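Dear colleague,

I am passing the structure below on to you, together with some notes on what turned up when I went through it. Please read them with the coordinates open beside you.

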Amino acid sequence: MEKKLMPLAIKLCDTIMADFGEVLSRKWQYDAGLCLRGFEAVYGETGDKKYFDYIKTSMDHFVTDEGTIRTYDPQVRNIDHLNNGKNLFYLWHETGEEKYKKAIELLASQLDIQPRTPSGTFWHKQIYPNQVWLDGLFMGEPFSAQYALEMGHPEKFDDVVMQVTNAEKLTYEPRCGLYAHACDESKEVFWADKSTGRSLNVWGRSVGWFCMAVVDILDFLPKTHPGSTTLIELFNKAMSNVVKYQDEKGVWYQVMDNRRSDNYRESTCTCMFAYALEKGIRKGFLNGMEYRPYLEKAINGILDIFIKETENRVDITMGCSVAGLGPAGDLRRNGTLDYYFSEPVRNNDFKGVGPFLLMAANYTV
């Protein structure tokens with residue numbers, strides 16, 4: 001079996017290192033952590049220590065010898081900040097250094113104080129009262145599931161499953177079988193539908209976060225837990241509808257169920273769906289005979305439309321840099337089509353780089 005995407009993955013890692021210097025990010029930000037998970041996969045395939053050193057140096061910029069995390073404050077109650085805990089688990093396993101375990105415990109302490117909606121679902125951030133965002137599932141729940149498994153807290157698995165099932169119910173859009181970006185359970189914030197609480201549109205990356213969250217949680221949720229079957233069913237439900245919106249080139253759009261002239265093929269969600277397809281097939285959660293053609297088509301689309309390779313570098317183009325909803329004082333971020341199509345587009349957005357590297361390191365032909 002050949003891993004034909006590895007040369008591109010290696011070149012992309014080298015491009016990122018050249019562009020960003022010795023530390024990937026000097027902010028404790030979730031997308032840098034996602035990108036470094038891709039580096040973990042490339043290091044695992046190549047054994048080239050420069051990639052491991054880059055992960056460690058980038059995380060050690062924040063993690064002190066005492067296990068505290070520079071610039072991180074649990075009291076901010078931002079669930080995005082938990083995502084980098086996945087990198088800390090990796091470094092703890094690879095090095096055995098106690099500081100990483102202490103930092104993991106610090107991040108996990110935020111789960112005890114994170115506000116919850118009336119249904120018991122985590123607020124995405126303190127500044128977003130009663131709001132459940134699909135982004136937050138990916139940031140918090142695979143970390144929480146890994147913490148439950150590796151730190152001996154099996155009672156936490158029930159909550160992980162509840163977070164997913166609640167978010168799925170709250171954001172599901174019957175009109176297309178996909179998911180709205182977010183839901184305000186109070187139905188009070190300006191961007192929310194007054195009858196459902198959902199935001200107005202199906203943003204590709206938010207659906208990507210959902211799909212990646214579920215397939216990653218299944219790495220840690222015991223097969224004997226009743227929620228395992230539930231999550232596999234939800235994953236199949238999501239992916240069966242995601243593939244319906246794959247276009248003729250094999251990729252997905254910024255707003256998935258819309259073809260307005262200023263909508264565009266977007267690379268981060270496409271890489272996320274390719275990652276979810278590859279992993280779902282490899283792990284046996286998806287029927288390979290049914291879904292492998294969609295994966296092959298997605299890879300071909302990524303290579304044809306988004307990847308730009310020169311002698312010295314690889315770039316993944318057409319990545320939406322950011323999109324959100326509110327907070328209350330930011331009326332521009334209102335969840336409309338005009339809003340989603342107005343946000344800047346850039347190359348090598350970490351939210352596409354990470355999933356591409358993870359997929360490329362595992363994809364075989």
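Predicted model: local features only at pLDDT ≥ 70, side-chain atom pairs only at ≥ 80, totals over all residues.

Helix packing

The axes of helix α1, which covers residues 6-20, and helix α2, which covers residues 30-46, come within 10 Å and cross at roughly 130°. An angle over 145 degrees would count as roughly antiparallel, and at roughly 130° α1 is therefore oblique to α2. The crossing of these two helices, α1 and α2, is left-handed. On the α1 side the contact involves M6, A9, I10, C13, I16 and M17, which meet C35, F39, V42, E45 and T46 of α2. Sorted by class, the residues of this contact of α1 with α2 comprise 9 nonpolar, 1 polar and 1 charged.

A second pair is formed by helix α7 (residues 157-171) and helix α8 (residues 204-217), whose axes come within 12 Å and cross at roughly 155°. That angle makes α7 roughly antiparallel to α8, and the crossing of α7 and α8 is left-handed. The residues that make the contact are V160, V164 and E168 from α7, together with F210, V214 and I217 from α8. By class, the contact of α7 with α8 has 5 nonpolar residues, no polar ones and 1 charged.

Salt bridges

How many salt bridges does the structure hold? The count is 32 salt bridges, and I describe a few of them here.

The side chains of R198 and E173 meet in a salt bridge, with an N to O distance of 3.1 Å. R198 lies in the loop between β4 (182-184) and α8, whereas E173 belongs to strand β2 (residues 172-173), so that the pair ties together parts that are 25 residues apart in sequence. Are the two partners buried or exposed? R198 has a relative accessibility of 14% and counts as buried, and E173, at 8% relative accessibility, also counts as buried.

In another salt bridge the side chains of D338 and R260 meet at 2.6 Å, N to O. This pair links distant parts of the chain, with D338 in helix α12 (residues 337-340) and R260 in the loop between α9 (226-242) and α10 (267-283), 78 residues apart. D338 is exposed, with a relative accessible area of 52%, while R260 is partly exposed, with a relative accessible area of 32%.

A further salt bridge joins the side chains of R292 and E296, at 2.7 Å from N to O. Because R292 and E296 are 4 residues apart in helix α11 (residues 288-306), they are separated by about one helical turn. R292 is partly exposed, with a relative accessible area of 28%, and E296, at 23% relative accessibility, counts as partly exposed too. Elsewhere, salt bridges that share partners join R37, D216, D219, K279 and K283 into one network.

Two loop residues

N78 is found in the loop between α3 (49-60) and α4 (85-95), and N78 is buried, with a relative accessible area of 9%. Leaving aside its neighbours within four places in sequence, N78 is in contact with Q110, Q114, H124 and K125.

Apart from neighbours within four places in sequence, R260 is in contact with L337, D338 and F341, so the list of contacts includes its salt-bridge partner D338. From W209, by comparison, R260 is 51 residues away in sequence and 23 Å away in space, C-alpha to C-alpha.

Backbone features

Most residues other than glycine have a negative phi, and most peptide bonds are trans. Against that background, the peptide bond from G326 to P327 is cis, with omega near 10°, and P327 is placed in the loop between β7 (319-320) and α12. T71, although not a glycine, has a positive phi of about 75°; T71 sits in the loop between α3 and α4 and is exposed, with a relative accessible area of 66%. N130, likewise a residue other than glycine, has a positive phi near 60°, and its place is in the loop between α5 (98-111) and β1 (131-133).

How values were computed
Residues numbered from 1 in each chain as written. Heavy atoms only, no water. Axes fitted to C-alpha atoms, helices over the stretch in contact; angles between N-to-C directions. Parallel < 35°, antiparallel > 145°, perpendicular 65-115°, else oblique. Left-handed = near helix turned anticlockwise from the far one by under 90°. Contact = heavy atoms within 4.5 Å. Nonpolar A, V, L, I, M, F, W, Y, C, P; charged D, E, K, R; others polar. Salt bridge = Lys/Arg side-chain N within 4 Å of Asp/Glu carboxyl O. Buried < 20%, exposed > 50% of the residue type's maximum accessible area, 1.4 Å probe, protein only.
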